[in-house]
Amino acid sequence: ISLGLVGSEMCIRDSMFISMAYLILDGANGRAVMARAGHDPTFWYHKATGQVTMLKPAGLAVGLDSGDAFERVTVDYEFTLEPGDCLLLHTDGVKEAQNANEDEFGMARMNEAFRSSAEMGAESVLQSVQSALKQFTGDAAQMDDITLVALEKR
């Protein structure tokens, strides 16, 4: 497995909830387990078909419920990566990044940047999404954290 990570930090106010995702990988055979706690879906590029799917296992954001709803709702999702497959995990600050007109970058632009570069691997994905994001936002101020994690199965 090849992994790339790019991130930036912002302060979190007390009134905010936390979304998160975890991913456990077995690099030898490509088996993976992931869960989301209110986090944005993960992009999955399938090398064999050239298609992109979204991984969206059920999950409740941390801090929204003090009871047992989190345990009932949040589930593990198991899948297997094949050689050449690529994943992109990201924070919502990527899709919500705005340009000078206050338009959002959005999932469609992120999907296009991912899809167009995923076949070339994790490093290319990071470069492509960052470039598309910078071109879209220009000099507009960053309003939220922007974190990208890309990986490919070799």
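Predicted model: local features only at pLDDT ≥ 70, side-chain atom pairs only at ≥ 80, totals over all residues.
Residues are numbered from 1 along each chain as its sequence is written, and side-chain values use heavy atoms, with hydrogens and water left out.

**Figure 1. Overview of the chain.** The secondary structure comprises four helices and eight strands; helices (H or I, at least four residues) and strands (E, at least two) are DSSP runs, numbered from the N terminus. Read from the N terminus, the elements follow the order β-β-β-β-β-α-β-β-α-α-α-β. Of the 154 residues in the chain, 38% are buried. Contact is defined as heavy atoms within 4.5 Å; among contacts between residues at least 6 apart in sequence, 66% join residues at least 24 apart. The chain exposes about 8,900 Å², and carbon and sulfur atoms supply 50% of this area. Accessible areas come from the Shrake-Rupley method with a 1.4 Å probe, and for residues only the protein chains shown count as cover.

**Figure 2. The open sheet β2-β3-β6.** Three strands form this open sheet, in the order β2-β3-β6 and with antiparallel pairing; two strands pair if DSSP finds at least two bridges between them. Strands β2 (20-26) and β6 (77-80) stand at the edges with a single partner strand each, so one side of each is left without a neighbour in the sheet. Neighbouring strands are turned by 20° against each other on average, direction ignored; the axes are lines fitted to C-alpha atoms, for helices over the stretch in contact, and angles run from 0 to 180 degrees between N-to-C directions. Five of the seven residues of β3 are buried, so this strand is largely enclosed by the rest of the structure.

**Figure 3. Strand pairing on either side of β3.** Seven bridges join β2 to β3, and L23 has M34 in β3 as its bridge partner. The two strands form a hairpin with four residues between them, and G30 in the turn has a positive phi of about 80°. Four bridges join β3 (residues 31-37) to β6. In β6, E78 is the bridge partner of V33, and T80 stands opposite R31.

**Figure 4. Salt bridges.** Four salt bridges are found in a search of the whole structure, each being a side-chain nitrogen of Lys or Arg within 4 Å of a carboxyl oxygen of Asp or Glu. One of them joins the side chains of D40 and K95 (3.1 Å, N to O). D40 lies in the loop between β3 and β4 (42-46) and K95 in helix α2, so the pair ties together parts that are 55 residues apart in sequence. D40 counts as buried, at 10% relative accessibility. The side chains of K47 and E119 also meet in a salt bridge (3.4 Å, N to O). K47 lies in the loop between β4 and β5 (51-55) and E119 in the loop between α3 and α4 (122-137), so this pair ties together parts that are 72 residues apart in sequence. K47 is partly exposed, with a relative accessible area of 36%, whereas E119 is exposed at 54% relative accessibility.

**Figure 5. The loop between α2 and α3.** E96 lies in this loop and is partly exposed at 30% relative accessibility. Leaving aside neighbours within four places in sequence, E96 is in contact with E104 and D144. E102 belongs to the loop between α2 (92-95) and α3. Phi of E102 is near 65°, a positive value in a residue other than glycine, and E102 is exposed, with a relative accessible area of 60%.

**Figure 6. Surroundings of S117.** S117 is placed in helix α3 (residues 106-117) and is buried, with a relative accessible area of 3%. Its contacts, leaving aside neighbours within four places in sequence, are S124, V125 and S128.

Key:
Buried < 20%, exposed > 50% of the residue type's maximum accessible area, 1.4 Å probe, protein only.
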